[in-house]
Amino acid sequence: MHKNIYFTSAYAVKVPQIIYGTAWKKERTAALVEQAINLGFRGIDTACQPKHYQEAGVGQGIAASLQSGLQRSELYLQTKFTPLNGQDPLHIPYDKHAPLHEQVQQSFHSSLQNLQTHYLDCLVLHSPLPIQNQLQEVWQAMERLVLDGHVRQLGISNCYDPKQLELLYNTVQIKPAIIQNRFYKESQYDKIIRDFCHQHNIIYQSFWTLTANPHILANSILQKLATRNKMSSAQIFFRYLNQINIVPLTGTSSATHMREDLAIFNFDLSRAECDEISSLF
């Protein structure tokens, strides 16, 4: 089994440096989650959003893995509260007419039931709400889950406005420990947001990391480094991101690619090699 390497968050939570993402797996979710954990993944990302995730399948896959002696405490499990505008109108996992703080509570309890757990390592707001007082109400409801001991830390996803992130950070009691964003050229790879994260000990997680960057994977610099290190260009890119303090999500359904993703911890890129890759951004 491959080793895992962790970052430690501002709330003393160990976050694996690569996380298995479970979106769009549908009926294959349980089997793929079980496979990922059995191969060595210790971080699982999901959401209480039936439109794109089968959260109950994630729970089934985890439960099957725990049968082999693995402890729940060995896993880092994060899910999301998805606001109404991100849900399928026909499959909303909470009462859409309830106040926002109650929607958070209902979604959270649905997640606990789906995931067959009594706590979360991280609860992520799937996207910022458009009105500031709505965002504050949702975040305060999430904070109560932390204060009550049900959630270890909080995060936010799909937040691409540095000013919005800074305002949230400065106005809440429990600061975001995680930000999870699409990692692509159109947002300038979140350079300003990543700098803010570095300054405030926020762990940056990337998704759409390979899909959005075929031009980087095909670049001669990565190809050269892949040959030199006897790795794939995807492995080089993931390891580079780790070494600049980014946690990539991978959603592969291939056991071979899962093993390759976990094998990134078996080598290190030199400072010069990292500088070469940095020139591509």
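Let me start with the contacts, meaning heavy atoms within 4.5 Å. In the protein chain, among contacts with a separation of 6 or more, 74% are between residues 24 or more positions apart.

Now the ground rules. This is a predicted model, where local features need pLDDT of at least 70 and side-chain atom pairs count only at pLDDT 80 or more, while totals for chains, interfaces and linings use all residues. Residues are numbered from 1 along each chain as its sequence is written, and side-chain values use heavy atoms, with hydrogens and water left out.

Overall build next. The protein chain has 11 helices and 10 strands. Those are DSSP runs, numbered from the N terminus: helices are H or I with at least four residues, strands are E with at least two. The C-alpha atoms fill a box of roughly 55 × 45 × 35 Å along the principal axes.

How much of the chain is buried? Of the 281 residues, 55% are. Buried means under 20% relative accessible area, exposed means over 50%, and partly exposed is in between, with a 1.4 Å probe and protein chains only. The accessible surface comes to about 12,500 Å², and 51% of that belongs to carbon and sulfur atoms. Those areas come from the Shrake-Rupley method with a 1.4 Å probe; for residues, only the protein chains shown count as cover.

On to the strands. Take β6, residues 122-125. Cys 122 and Val 124 point one way, Leu 123 and Leu 125 the other, and all are buried. Strand β5, residues 76-81, runs parallel to β6, and 4 bridges join them. Pairing here takes at least two DSSP bridges between two strands. Lys 80 stands opposite Val 124 in β6.

Strand β4, residues 43-45, holds Ile 44. Ile 44 is buried, at 0% relative accessible area. What does Ile 44 touch, leaving out residues up to four places away in sequence? The list includes Ile 19, Tyr 20, Val 33, Ile 37 and Val 58. Tyr 76, Leu 77 and Gln 78 are on that list too. Between the C-alpha atoms of Ile 44 and Phe 265 there are 18 Å, with the two residues 221 apart along the chain.

Now helix α9, residues 233-243. Why call α9 largely enclosed by the rest of the structure? Because 10 of its 11 residues are buried. Among them are Phe 237, Phe 238, Arg 239 and Leu 241. After α9 comes Asn 245, with a positive phi near 70 degrees.

Thr 209 connects to this region. Thr 209 sits in the loop between β9 (203-207) and α7 (214-217). Thr 209 is buried, at 2% relative accessible area. Beyond its neighbours within four places in sequence, Thr 209 contacts Phe 183, Phe 237, Phe 238, Leu 241, Pro 248 and Leu 249.

Last, two loop residues. Asn 158 lies between β7 (154-157) and α5 (162-171). Its phi is positive, near 55 degrees, and Asn 158 is not a glycine. At 26% relative accessibility, Asn 158 is partly exposed. Gln 188 lies in the loop between β8 (178-182) and α6 (191-199). Gln 188 has a positive phi of about 55 degrees, again without being a glycine. Is Gln 188 buried or exposed? Exposed, at 57% relative accessibility.
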